[in-house]
Amino acid sequence: MCGIFGGVLKKGAIAPLIHDGLKRLEYRGYDSVGFATIDAGTLQVKKDAGRIDDVVRRLKMNNMPGSMGIGHTRWATHGAPEMVNAHPHTDCNGNLAVIHNGVIENFMELKEELLNKSHILKSRTDTEIIAHLIEEELKGDISLQEAVLKSIRRLEGSYAIAVISTLDPGKILVARNESPLVLGVSKDGTFCASDVPAMLPYTNQVVYLRNGEFAILDQDGYEIRLVSDSTVVERSLEEITWSQEMAEKHGYPHFTIKEINEQPTSLRGALRLQPQYLGLLTALLDRGREVFLLAAGTSYHSCIAASYMFSRLARITAFPAISSEFIEQYGSSVGVDSVVLCVSQSGETYDTLKAIDYARMKASTVLGITNSVGSTLTRVSRAYIIQQSGPEIGVAATKTFTSQLMVLAQLALRLALMKGKISQDEGDDFRENLLRIPDVVEETLNRNKTHVMDLVDKYGGEQLFVFLGRGISSSTALEARLKLLELTYVPSLAYPAGESKHGPISIIEEGVPVIFLCPRGESRKGIVGGIMEMKARGARIISVCEEGDHEIIGLSDDVIEMPKGIKDIFSPIPYVVPLQLFSYYLAVQKDLDPDMPRNLAKSVTVP
Ligand code: F6R
């Protein structure tokens, strides 16, 4: 997730506006920054790694001449946060510049093709190939617009792209597929940005570009066309009435709820991983005599879920390990044959890094899954995957949890196929099920908001909650309970349902709400017994179950019904979502700040 801002002014320099616009997008990413402007027919590019204000001051970027230009604040996805990988990227001749937000899935094959045609690529990004593709198309003696369109048609993946060129120095060409891009018009000029807040100081008259659309901006306005066949699209401007602060949160009152609602998008991002990295991790996982899944907090809950996925799909025993316990618990046995797969959103959690140091000292193979390119985890891992969730500002992990699960599920599936533990047909069936999850999460969010708010009204005064699930749903229960603790401070308990009778049941008395996670699948039978046990002690049952599951619905006081057809091995991804909503709305009801729970830090970098 990166930030894009560009503009064509009728008069005056664009560079200070780019600086200001990118500052307002800093929440989208902040590891490097760059501007490109065109003045007197010459393209100028300045960029470097670092925070926006520091880089702009150091390189005197606000003095760049030209009334049109583009700028980018980066959240690295391909290539470390270094100057060479910062956007804009240029073609071989330095005549055109490109900025991009998203992931180009077929960039390896396009890169190969361009290298064979003697293009010189300087960075490790997927973006740079776009500049060279356009340069290549221009050799066919076509217009800049045609060349950009032809190049975009070859891209697979997600993108918001802005291009400027000395060939047509009064225009910015933009395109969008699945990464946001909005255009704005004022009496002073025309703008494009990843998000409305960037342009609010200049205009509140905007138009959102849709997937598969392309636009040409000049100082007088814009024209939108379809990428597929260049048909002109008529769309009128909308007036934005949000304040600056509301706009940064997309009109939501808190980042946490914005991030909960972003999950359909972040999950689509997590399904778009580069196959070669998935392949590399799978191959290395397969080499281990034993696999440890190492993490803290929410990421540990992903690891618990993953241990079920690895066992069920790939028939591999993988031990989930809490980072702070790892050395004492497994230190003596871990060794050269061990693979330690570390999951850390920030890639900087002290306990996780300390355990990694130990594992490396014992010559184990360390692998990583993280959301932060350039983090320590990426540097100390033999191989790693970036989960592509974009920055998470809310302290409590929400979208990064579901994306971690999506990555882990893909690894388990690949491993299963590679080891021949499932047939190709079964693999296709699982894969199709995974691909449905972003839509299922979207539907869950759409249909449950009001219902969950009603549940918060009904149960909001309770002093204790219990979360129970069987099989992989025990990880969902643990994570749902952690969200409730973090966001609302209400004491609660989470257990595998079968274990609850070995002690926890003693705290159940009349009226205590017990939340059961009951997706259909292998664990579904056992859950009914668990519900009966709790009901017999007077508990009030709230079930998260598949729609139309009449047996569970009949036994429950309240239900959250989930869309049908998700396999229970992937169920933690959608099933945690309504419970994230529950904790969020309960925090709001209690007048707490869900974005910054007390005593917690986003990244725990201390022992
Ligand atoms: C929970 C939460 C924390 C983190 C934990 C690990 O909502 O955010 O429990 O999950 O501190 O952080 P990472 O994943 O960055 O290692």
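This is a predicted model: local features need pLDDT of at least 70, side-chain atom pairs count only at pLDDT 80 or more; totals for chains, interfaces and linings use all residues.

How are helices α8 and α14 oriented to each other, roughly parallel or roughly perpendicular, and why?

Analyst: Helix α8 covers residues 263-270 and helix α14 covers residues 399-418. Their axes lie 9 Å apart, and the two helices pack at an angle of about 30°. Because angles under 35 degrees count as roughly parallel, α8 and α14 are roughly parallel to each other. The crossing that these two helices make is right-handed. On the side of α8, the contact is formed by Q263, S266, L267 and A270. On the side of α14, the residues taking part are K399, T402, S403, M406, V407 and Q410. Sorted by class, the contact of α8 with α14 consists of four nonpolar, five polar and one charged residues.

Helix α3 spans residues 107-116, and helix α4 spans residues 128-138. The axes of α3 and α4 come within 10 Å and cross at roughly 45°. Helices α3 and α4 are therefore oblique to each other. In passing α4, helix α3 makes a left-handed crossing. The residues of α3 that meet α4 are F107, L110, K111 and L114, and their partners in α4 are I129, H132 and L133. By class, this contact of α3 with α4 has five nonpolar, one polar and one charged residues.

Helix α3 also contains E112. With a relative accessible area of 51%, E112 is exposed, because the term applies to values over 50%. The C-alpha atom of E112 is separated by 48 Å from that of G469, and these two residues stand 357 residues apart along the chain.

The cysteines complete this account. A disulfide is a covalent bond between the sulfur atoms of two cysteines. In this model the count of disulfides comes to zero. C518 takes part in no disulfide, and the nearest cysteine sulfur to that of C518 belongs to C545, 5.7 Å away. C545 is likewise in no disulfide, its nearest cysteine sulfur being that of C518. The reason is one of distance, because a pair of cysteine sulfur atoms must lie within 2.5 Å to be counted as a disulfide.

Definitions and conventions: Residues are numbered from 1 along each chain as its sequence is written. Side-chain values use heavy atoms; hydrogens and water are left out. Axes are lines fitted to C-alpha atoms, for helices over the stretch in contact, and angles run from 0 to 180 degrees between N-to-C directions. Helices (H or I, at least four residues) and strands (E, at least two) are DSSP runs, numbered from the N terminus. Angles under 35 degrees count as roughly parallel, over 145 as roughly antiparallel, 65 to 115 as roughly perpendicular and the rest as oblique. A crossing is left-handed if the near helix is turned anticlockwise from the far one by less than a right angle, and right-handed if clockwise. Contact means heavy atoms within 4.5 Å. Ala, Val, Leu, Ile, Met, Phe, Trp, Tyr, Cys and Pro count as nonpolar, Asp, Glu, Lys and Arg as charged, and the others, Gly among them, as polar. Buried means under 20% relative accessible area, exposed over 50%, partly exposed in between (1.4 Å probe, protein chains only).
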